[in-house]
Amino acid sequence: MERKTFSQLPLGVSDFHKLRELEKIYVDKTGLLYELITTFEKVFLARPRRFGKSLLVSTFESLFKYGTRDFKGLAIEKLWKDKTYKVIRLDFSNLKDFSSEEEFSVLLDEYFEILMAQSEVTLPKDKNFWGFSSFIYWLGLQPSNSVVVLIDEYDAPLTVCMNNPELFDFVRKKLSRLYASFKNYEGVIRFLFLTGITKFNKTSIFSELNTLTDISLSPRYGSLLGYTHEEVVEYFKDYLNRSAKASDINSEQLLDKLVFQYDGFCFEETVSKKVFAPWSLLSFFAEPERGFKNYWFESGGRPYALLEYLKSHALRHPEEYGNLKSIALNELSSSSDIKTLSDVALLTQAGYLTLKNIVGTTAYVGYPNEEVKTSMAQLYTERLLAGRTVEQVGADNISYRLATENVEAIFHLLNKLFSSIDYQKYPIRDEASIRAFVQVFFSGAGLSPIVEHHNSKGRSDLEVKVGTRYWVFEFKVCKSTNGAKDLLNEAILQLQRKEYGLQEQEEQILRVALVFSLEKRKFTEFSQCD
């Protein structure tokens, strides 16, 4: 039987010309790009990693440099009447390998010297400077309205030194000369576009370039990056059908699962447009036989800014895992000071949290989907275990163990995890702490635990489905070992009287009572309840 040939997925391709030349799928956003270019002259856009910022920059580069050469059949082909320009494309992700002021200065000069050679920029032979300074000099010599400047990952060199205030200030001041030149020679620049993850203030981008328009929360451009539900159905129909067959479900059921796993990102303040994470969705379509894997961490879900932040800051207490967080809307729309950078703002910019609702001037943010929720639990797990993994503390394969092993084995598994917790940063105080930590450990293993699950007679501490098994946990906490037996009996009685878990129609229901000793920092008693 002849295999049907699909248009190729654009997975991992950030060069627009290459994407079009190879006839890979391109979700046409060029009508929106035309509107953007003809409305604004200086634009900033913040998005998480792996959302297509580099491809967008490459698209602008192709359009301004070669006109409609690569845009055959796209919306902008009939709209674009502009001339071509000298395009300067800067990728500041190349400016991260430094640890001192001298190293950064040398790296910056070398980068601009190579850039100018590649761009065939010529300067008077008698110039007595090179690199960074010579680029600024060259810019001032250009004719009016003749240059397009595109900067990808503007914040990359700043995030390298987030925890080194003196070096951060040096880098900021050094780069401020570049941004000041854009202001001084703004008559030269036809279009200026910057991307990044974090919007730092006091970097002279948003002060020097006071005419820079930030479209990061604009309703009009909320779906500029990422795929909408409608775009997935339109452009990836063949892959939806193929993946549905591989998953042994119909295409509508598959789409629902994809929404649950990879959709839900919202980048605009009306909170009405949601998009899929492109890398995760395309990775799934490439190998649907692997199932709904977590591609978030693999694809840059640990941006450098977040990792640097965590070196000097702790995440909020895991008891807040899963809860909506509130933040003033202007904290998301305005630039941040490195010294007062909000963890919620950074997690939102990094894609771990996304807009869920806005009431007045307050934004409420939460996890966009199951993939990111699992990734956040994995990040919390690393914090709880003082940087170690569950494998390193001997508690790996949590999901498999819950699916196959007995209650006593799970009792020992939990103790391995709890004995490895960094108690100084994350103390266990009560049942709420126990519930939160177990929820994080299970969620990080790719499960979907339910905390305080209600039935008609009460609410259990934690329930989780694993394969054909359904686990119900009731936790008690004692200050010493003396009252542990009594608390165990109390938990058993609670499970029996309130019939936790019995309403579930699963093949095997395992109901477990566990008592945690604050004195010994471990579970000391357990019992399975019939």
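These are my notebook entries on a predicted model of a protein chain.

**Entry 1: ground rules**

I number residues from 1 along each chain as its sequence is written. Since I am reading a predicted model, local features need pLDDT of at least 70, side-chain atom pairs count only at pLDDT 80 or more, and totals for chains, interfaces and linings use all residues, while side-chain values use heavy atoms, with hydrogens and water left out.

**Entry 2: confidence and overall build**

I looked up pLDDT (the predictor's confidence in each residue, from 0 to 100). The protein chain averages 90, and 93% of the residues score at least 70.

The C-alpha atoms fill a box of roughly 90 × 65 × 45 Å along the principal axes. Of the 530 residues, 54% count as buried (under 20% relative accessible area, with exposed over 50% and partly exposed in between; 1.4 Å probe, protein chains only).

**Entry 3: the cores**

I then listed the nonpolar cores, which are sets of buried Ala, Val, Leu, Ile, Met, Phe, Trp, Tyr and Cys residues joined through side-chain atoms within 4.5 Å. The largest has 115 residues, and Y352, F418, F441, F442, W471 and F473 have the most contacts inside it. Apart from that one lies another core of 30 residues, among them V13, F71, W80 and L225.

**Entry 4: strand β3**

How many residues of β3 (147–152) are buried? I get six of six. V147, V149 and I151 cover one side, and V148, L150 and D152 the other. In a regular strand the side chains alternate between the two faces of the sheet.

For pairing I need at least two DSSP bridges between two strands. β3 pairs in the parallel sense with β2 (residues 86–91) over six bridges, with K86 opposite V147. β3 also pairs in the parallel sense with β4 (residues 189–196), over five bridges, and here V149 stands opposite L192.

**Entry 5: the five-stranded sheet**

The order is β9-β12-β13-β14-β15, in an open sheet with mixed pairing. β9 and β15 (522–529) are at the edges with a single partner strand each, so one side of each has no neighbour in the sheet. β9 runs antiparallel to β12 (residues 462–466), joined by two bridges; V451 has L462 as its bridge partner.

Helix α18 (residues 407–418) packs on this sheet, touching β13 (469–478), β14 (508–517) and β15, and its direction makes about 155 degrees with that of β15. Helix α20 (residues 484–498) lies across β13, β14 and β15, at about 140 degrees to β13. Axes here are lines fitted to C-alpha atoms, for helices over the stretch in contact, and angles run from 0 to 180 degrees between N-to-C directions.

**Entry 6: H453**

Where is H453? I find H453 in the loop between β9 (450–451) and β10 (454–455). Its side chain makes a polar contact of 2.8 Å with that of E463 (a pair of N or O atoms within 3.5 Å; within protein, one must be able to donate a hydrogen and the other to accept it, and residues adjacent in sequence count only if both atoms are side-chain atoms). Leaving aside neighbours within four places in sequence, H453 is in contact (heavy atoms within 4.5 Å) with G458, R459, S460, E463, Y470, Q503 and E504.

Note on methods
Helix = DSSP H or I, 4+ residues; strand = E, 2+ residues; numbered from the N terminus.
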